[in-house]
Amino acid sequence: MRKILFARGRQLLLVILGLSTLVFFLIRLSGDPVLVIAGPDATEEQIASLTEKFGFDQPVYVQYVRFLLNLVTLDFGRSFLTGEEALGLVLSRIPASSQLAIAALSIAVVVAIPLGISAATHPGTIRARFAQWLALAGQSIPSFVLGIVLILVFAVQIPLFPSFGNEAAWSLVLPAITLSSFIMARQLRLVQAYASEEMLAGYVRTARSLGYGGFRVRYRHILRNVLVPLVSLLGIELGTIIGGAVVTEAVFAWPGLGRTMVAAVQARDYPVVQASVLVIGVFVVLINLVVDLLYQRIDPRLRVKESV
Amino acid sequence: MATELAASTATAPKERRFVIRRRDIGGLIAAILTATAIIASFTADLWLPVDPNLQDLLGRLAPPFFLEGGSTVHVLGTDELGRDLFARTVVGGQVSFIVGLTVATVAGVIGIALGVLAGYRRGFMETLIMRFVDVQTAFPFLVIAIAIVSIVGASLRTIIVTLIIYQWVPFARLAHAKTLTVKQLDYYRAAVAIGRKDLGIALRHVVPNILPPLLVIWTFIVARSILAEAAMSFLGLGVPPPTPTWGGMLSGGRGYLDSAWWIPIIPGVAVTLVVIGVNVVGDWLSKRWDPRASY
């Protein structure tokens, strides 16, 4: 436990330092940001005063040191566009994003686990075929295509749900389904594959011979053994999920972190870009920490190994 | 030398010939259709009757032939500028296929080289390479790719390079694991025992024997790169207009969902079908070669 926390803490520091340095130098390499802030009609004096104001007249290493000092105090500067504090702006978008992510993951798990297990226990049936087709479709349909099809069918043709924004509770439905499709497909495949293998294991036969019913065998015995790869899939596909969230938020104009970042990127609003990249990086490390801790809860063997 | 060769062919197992079984049919059809789509897209100049960039403002928003008011002049209708959607969809595939095939191939060569090197040499080299793999796996690299592309400027080259940096990892991980397995096997030890050079062993004995599962990964990476490119084009960070791309067409047609829904849906269907095709081929290959490697 303590070892994991320590390792992940060190990783967190590395991620913050690495990511911010990368973004810092990329921005400086890509030309003069002041020209972007000032706009095409700016006069010489305006450019000069802005250059001085943002400190771009200093040598790069001075700028970098100042940038690092600001980083320690979590000061990313203000948005070039709105003048808001960049970090505050980014943090204020986290609730909307987490809402979407949690809803999507819940949908994925609720569909993938029962369907995957029952496909594995009934090989060759329509159910198993359906699971395979659903997995293939979910893995192949890009989130922006699915999102637009859902909007077309359930918001334009049959106006059941709003097509954008997050004013009402049911506006979460379409974006959550969109975001869940890819991870649901991956989980479905994985549950089906592992559960089919577990079906052959000795403990299943033992449980059956002791007279336990199918439900108990499936959800008490098989599921427990499938959970470990399922959780590690979450860690592996985290990048894809976050990428999918960025696209989904753009499709549905969902006021989350991803949309803020894309908008900032298009407007070259560098403080906001920096702050969002960093916040996402920190999130990834934290979620990986949760995955590590979950492993230990799920699989007692891992707990023993570490204490030895 | 000649007798050696004769002896080896005499004992070679016969059943390794390519036999088409019933369960191969689906995969073969998918492979043929995907290949046809790729060829059709790249030879579009030769057979397309209309110019994909020709605007016709009087004939804009024309529906496809199967809808009321559609005609066979524009089989799949026209977009908001009156450009032929079928032609644009066919040509739009070019960017997707160039990105998918180039990224998967170059990333594959780099990833396999580094993975084999790590598994072969062990020690410091292995630690260094596999550490890199770990760090990249844990990262939402697509997010960083978006940031990089936006800062450096969107172009076909930037997208390809960024995606290569992202996609070499799965190749390296698998090549590393498989190399470690091969090193336990007798034919590897025999090659060492007769004094073959390292590079020769790696190229003649290790790489050919680990290639099948890597080819399976290659197909999945082609699919994923096509998806990634389409997503970036959709976000406005892809190959800049007027080059038609599926993601760009989709994003441009979003505003017409209530009046001309086919504008965004047709390129969306195109990218979905292609990715399904590539994924089916990958599934088929993985079952054929290695029943346990379901990626």
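What percentage of the 308 residues in chain A is buried? Buried residues make up 36% of chain A, where a residue is buried if 20 or more other C-beta atoms lie within 10 Å of its own, exposed if 12 or fewer, and partly exposed in between, with C-beta atoms placed from the backbone.

This is a predicted model, in which local features need pLDDT of at least 70 and side-chain atom pairs count only at pLDDT 80 or more, while totals for chains, interfaces and linings use all residues. Residues are numbered from 1 along each chain as its sequence is written, and chains are lettered from A and ligands numbered from 1 in the order in which they are written.

**Stop 1: chain A**

Select chain A. It has 15 helices and zero strands; helices (H or I, at least four residues) and strands (E, at least two) are DSSP runs, numbered from the N terminus. Along its principal axes, the C-alpha trace of chain A spans about 85 × 60 × 30 Å. Two residues are in contact if their C-beta atoms, placed from the backbone, lie within 7 Å. Among contacts in chain A between residues at least 6 apart in sequence, 72% join residues at least 24 apart.

**Stop 2: two crossing helices**

Next, select residues 94-121 of chain A, which form helix α6, and residues 214-236 of chain A, which form helix α11. Their axes come within 11 Å and cross at roughly 95°; axes are lines fitted to C-alpha atoms, for helices over the stretch in contact, and angles run from 0 to 180 degrees between N-to-C directions. The two helices are therefore roughly perpendicular, a term for angles of 65 to 115 degrees.

**Stop 3: helix α12 of chain A**

Select residues 238-252 of chain A, helix α12. Of its 15 residues, 14 are buried, so α12(A) is largely enclosed by the rest of the structure. The end C-alpha atoms of α12(A) are 21 Å apart, which agrees with the 21 Å that 15 residues should span at 1.5 Å a residue; the expected span is 1.5 Å times one less than the number of residues. After α12(A) comes A:A253, whose phi is positive, near 50°.

**Stop 4: where the chains touch**

Now display both chains. In contact across them are 33 residues of chain A and 34 residues of chain B. Helices of chain A that each supply at least two residues to this side include α1 (2-29), α12 (238-252) and α14 (270-298). By class, the side of chain A that touches chain B has 26 nonpolar, seven polar and no charged residues. Here Ala, Val, Leu, Ile, Met, Phe, Trp, Tyr, Cys and Pro count as nonpolar, Asp, Glu, Lys and Arg as charged, and the others, Gly among them, as polar.

**Stop 5**

Select chain B, which has 11 helices and zero strands. Of its 295 residues, 44% count as buried.

Which residues touch the most other members of the largest nonpolar core? They are A:L188, A:V191, B:I226, B:A231 and B:L235, in a core of 139 residues. A nonpolar core is a set of buried Ala, Val, Leu, Ile, Met, Phe, Trp, Tyr and Cys residues joined through C-beta atoms within 7 Å. Helix α9 (residues 198-234) of chain B gives the largest share of this core, 17 residues. Centre the view on B:A231: among the residues that it touches are A:P142, A:F144 and B:G247.

**Stop 6: an exposed arginine**

Finally, select B:R157, in helix α7 (residues 156-182) of chain B. This residue is exposed, with 11 other C-beta atoms within 10 Å. B:R157 and B:V239 are 82 residues apart in sequence and 9.0 Å apart in space, C-alpha to C-alpha.

Key: Parallel < 35°, antiparallel > 145°, perpendicular 65-115°, else oblique. Lists of a residue's contacts leave out its neighbours within four places in sequence.
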